[in-house]
Amino acid sequence: MPVNENTLINAGLQVGLVKSSAISRLKTQARRERIGLLEAVVREGRFPVAALYQALADLRGIPFLHTRDLQGDEDIIPKIPANLLQRRLILPVRSSNGVNLLAMANPDDQISIDSVQRASGKRYKPALADPEALDAAIRRELKITNPNVEPSDVTTDGDSVALLDSIMKEAYLRRASDIHLEPSKHDLRVRLRVDGHLQDYPKILSPSDSEALMTRIKVLAGLDIAEQRMAQDGGMTYLIQGWETGEMDIRVATIPTRWGERTTLRILGQETNRFNLEQLGMPDAALARLRKAIHWPHGMILVTGPTGSGKSTTLYAALRELDANEINILTVEDPVEQIVPGISQVQVSGKLGFAGALRSFLRHDPDVILVGEIRDLETAQTALKASMTGHVVLSTLHTNDAISAVSRLVDIGAERYLIGSTLIGVLAQRLVRRLCPHCRVSYSATKSERQSLGKNADEDLTLWKSNGCPNCLGTGYLGRIGLFETLWMNNRMRQLIAEGVSETQLRSAATGLHTLSMDGRDKVLKGLTSLEEVEHLNIKMDD
């Protein structure tokens, strides 16, 4: 018995999720498209229905339980009829502070509260939860507490087309970067990566749903539907049915596991395909140097960091700074993640690798070349030589900091004199979650926090921390921001690289080195992120 949509929309209006000026237009739009007003509202605001349930919970002053909080009380559940739990969408949950909570889809359902209290002999406080997440939790708990009770079929839409569409809608509304489909013995778990952290998709999928969904994805991605014993890679474009949200470019990877094929869908450039350099959160000094560097007549610029640190986003933003009408820009990527107008972009394939594409590029009169990643000696040597012969080369490496980029190129086999003579600069980066501006709260820093940030132990210092609200789905964070370390070459650095000195000596000789810890400290002090987020990356703040 979920809350009716008018109550949810009114809650969204009161907390600012929904703009009152848009309601009349959305009503007309919903009638024209023959969809519910609630669907039109969440699509317009780009947030899941769960955000409206949390808004209602906040207005009522009752707890809101996320999927991770829906852990049933195994001592009480067997005392309550299974059909009551499923029909009324209620679940007694374990509480750590001694308060008995009853997760509900409708907090006004007093009949359910009374029924549970009579059956259990305990008093319960209502708590609100997203109906789909609550339904999935009830099915799971009934199986755990009483295997002899068979809950209604674990299924969703039954139709693989509608099923995939519902997952893609949720991924779009939550602004997910990846979708993980993870089979187990009895069901299929779906998780979405949002701002670098995984969140559960609220529905439970049965093995039959899993098989149908896998077949649908393989067909769209051009994979072999009959092959289930080896890993496969492919790609597809996806357009959500009935939603004018534009096509999503998706990279698909499958691999066999004990309980079936595991699939990961990477949504390419969904949030970053319009980013410019100013939107990345780069310090002003680093931004000015990078803008100057990409306009040099020749040389190499490297962006380093682990997988998922935003390196490609930075490189694409740099390309958008250049005038593709006046210069010739060529890229070789694996895969092409974002389409940049006016630029020739080449996808790596079995017949054409990075090094081969680079050699061919030199016969196409390029001004700027982007190499998706330097992985081997052949690619490194070709890129370095291209940057010596009148071309600007942009590329990425997997290293922990900017200084390590030199050692990494040497380890690959590149000559030190080539590195020293061609390298313009190195940009190392990480991503941290940005504090939600709607609900972040200030507090006085502790002594240890002041010391971590390089402040006096007795100095008054105000920091910011996460809190949680409907806008951020209770996480306290909304979006991500980059931390950057910049290393720019001068004659002294070029000489030291050619001489083969250690990383420690290079770091000591670097002038104006802006480190990851320095940038993390600045963003914590500005309230853009939390100290916890920066320390989670294992970046030492006292460098």
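Me: How are α8 and α9 oriented relative to each other, roughly parallel or roughly perpendicular?
Reply: Happy to start there, bearing in mind that this is a predicted model. The axes of α8 (residues 160-174) and α9 (residues 207-221) cross at roughly 80° and come within 9 Å. An angle of 65 to 115 degrees sets the class, so the two helices are roughly perpendicular.

Me: Which residues of α8 make the contact with α9?
Reply: On the α9 side, the partners are Asp209, Ala212, Leu213, Arg216, Ile217 and Leu220. Taken together, the residues of this contact divide into eight nonpolar, one polar and two charged. From α8 come Ser160, Val161, Leu163, Leu164 and Ile167.

Me: How many residues of α8 are buried?
Reply: The buried set includes Leu163, Ile167 and Met168, and also Asp165, Glu170 and Arg174. α8 is mostly covered, with the buried residues out of its 15 numbering twelve.

Me: Which residue caps the N-terminal end of α8?
Reply: Look for a side-chain oxygen by the backbone nitrogen of valine 161.

Me: Is arginine 88 buried or exposed?
Reply: Arginine 88 is found in α5 (residues 82-88), and its side chain makes a polar contact with the side chain of serine 112 at 3.1 Å. Its relative accessibility is 16%. Under 20% is the cut-off, so arginine 88 counts as buried.

Notes. Residues are numbered from 1 along each chain as its sequence is written. This is a predicted model: local features need pLDDT of at least 70, side-chain atom pairs count only at pLDDT 80 or more; totals for chains, interfaces and linings use all residues. Side-chain values use heavy atoms; hydrogens and water are left out. Axes are lines fitted to C-alpha atoms, for helices over the stretch in contact, and angles run from 0 to 180 degrees between N-to-C directions. Helices (H or I, at least four residues) and strands (E, at least two) are DSSP runs, numbered from the N terminus. Angles under 35 degrees count as roughly parallel, over 145 as roughly antiparallel, 65 to 115 as roughly perpendicular and the rest as oblique. Contact means heavy atoms within 4.5 Å. Ala, Val, Leu, Ile, Met, Phe, Trp, Tyr, Cys and Pro count as nonpolar, Asp, Glu, Lys and Arg as charged, and the others, Gly among them, as polar. Buried means under 20% relative accessible area, exposed over 50%, partly exposed in between (1.4 Å probe, protein chains only). A polar contact is a pair of N or O atoms within 3.5 Å; within protein, one must be able to donate a hydrogen and the other to accept it, and residues adjacent in sequence count only if both atoms are side-chain atoms.
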